[in-house]
There are 2 protein chains.
Amino acid sequence: MARKSGSHAEITGPKVLKAAERLFARHGFAAVTMRQIAAEVGVQAGALYLYTRDKQSLLADLMLAHLRELLAALPAPDPDPRAALEGFVRFHILHHLSRRDAVFVAYMELRSLNPENFAAVEELRRAYEDHLETIVQRGMAAGVFRPRDSRLATLALIAMLTGVTTWYREGGRLLPEAVAEQYIALACDTLGAGAGQSRS
Amino acid sequence: MARKSGSHAEITGPKVLKAAERLFARHGFAAVTMRQIAAEVGVQAGALYLYTRDKQSLLADLMLAHLRELLAALPAPDPDPRAALEGFVRFHILHHLSRRDAVFVAYMELRSLNPENFAAVEELRRAYEDHLETIVQRGMAAGVFRPRDSRLATLALIAMLTGVTTWYREGGRLLPEAVAEQYIALACDTLGAGAGQSRS
């Protein structure tokens, strides 16, 4: 990251990332210019280069910051596999519903990363998947979960959970916490942990 | 659709749609010009307007054609709810794995549709979701499936299944048919139909 150090950069850096995220989500990385990002932040185009080397670095910083924040916020898994799964599902749903631009850009603009940045993003994404897969495998070892393939079940679960960001609308019939509770039941059953949906 | 009738349009129309799909998937709708699409097809920029009114119409035609093809190819559901679910899952996985550019554009460029085209696309998407929800509801009535909420379970399943397009790589350890079989087991268990994953 080419951000300038000091208090000014401390304030403008996140503002630049937020503005870039908003514009990339709305128009796509390729269609957005550094000039537009500068206008969105409210600085001269030249001033942007105090905070980032180029648009590619901005995209990579954005996606890496999103994933680092995700990994840092992950709750430590409960020793009980079922409670660990519940904790993960609740965290994933609530975290992603509150960061929909970031989720959209993270999925959509993988194609726009250069190979080096793509590898860095993939490494963090893989660490997140591994966290869930470890929960799944512990549950399998304990005889609580019984998917045929822990990796495939992990990827299936993450896609299922992240899907809420495509249909959830604020002010709809369910609050995020209620959505999370329903997905906890679905996730338990997906892993064959049974009784997930009959407990209500 | 503003396509010209006759044999020439019959050939070029699909070629134009395919070229647009490829470019939109690679660079995003906003970044692609009609000139680039014409070059990809191998015609003069002006000639494109014989086949489409503008880029917005091209995007709408693309997404509507994808959804109409999807709906037309859907297998009639088996009277047995579990067999109907298996048929749907197999169809969805195999259909989507073979059309990944279309899936990516359909998800990513909803934001780029004007309100009228968005409504038309949403209507077809809703019809597809309703098809699966009917299967889920029949299974609930028969006591085979037991999700708390048929709509939410339907959306969760579709997200889970479509997720394969983000991680599946040709030449990987699983052929599409084997992926479909694993997702059939996961989907059965997600709906609480049990025994989905212990049958192997």
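## Ground rules

Domain bounds here come from an automatic or database domain assignment. With that in hand, the C-alpha centres of domain 1 of chain A and domain 2 of chain A lie 28 Å apart.

This is a predicted model, in which local features need pLDDT of at least 70, side-chain atom pairs count only at pLDDT 80 or more, and totals for chains, interfaces and linings use all residues. Residues are numbered from 1 along each chain as its sequence is written, chains are lettered from A and ligands numbered from 1 in the order in which they are written, and side-chain values use heavy atoms, leaving out hydrogens and water.

## Chain A at a glance

Chain A has nine helices and zero strands, taking helices as DSSP runs of H or I with at least four residues and strands as runs of E with at least two, numbered from the N terminus. The C-alpha trace spans about 60 × 35 × 30 Å along its principal axes.

Of the 200 residues in chain A, 52% are buried; that means under 20% relative accessible area, with exposed being over 50% and partly exposed in between (1.4 Å probe, protein chains only). Take contacts, meaning heavy atoms within 4.5 Å: among those in chain A between residues at least 6 apart in sequence, 69% join residues at least 24 apart.

## Two domains

Chain A splits into domain 1 (7-53) and domain 2 (60-190). Eight residues of domain 1 of chain A touch nine residues of domain 2 of chain A. Between them, about 770 Å² is buried, 72% of it from carbon and sulfur atoms; this is the accessible area (1.4 Å probe) that two parts lose on being put together, summed over both. On the domain 1 side, A:Leu17, A:Glu21 and A:Ala25 lose the most area to domain 2 of chain A, together 58% of what that side buries.

A UniProt annotation from an unreviewed entry, "DNA-binding region", covers residues 33-52 of chain A; such annotations may be inferred rather than shown by experiment. That stretch is 40% helix and 0% strand, and its end C-alpha atoms are 13 Å apart.

## The pair of chains

Chain B can be laid on chain A with an RMSD of 0.0 Å by a turn of 180° and a shift of 0.0 Å along the axis, superposing by least squares on C-alpha atoms of residues with pLDDT of at least 70 in both copies. That is the relation of a two-fold axis. The same surface serves both copies, as 100% of the contact residues of chain B recur in chain A.

## Cysteines

There are zero disulfides over all chains, counting pairs of cysteine sulfur atoms within 2.5 Å.
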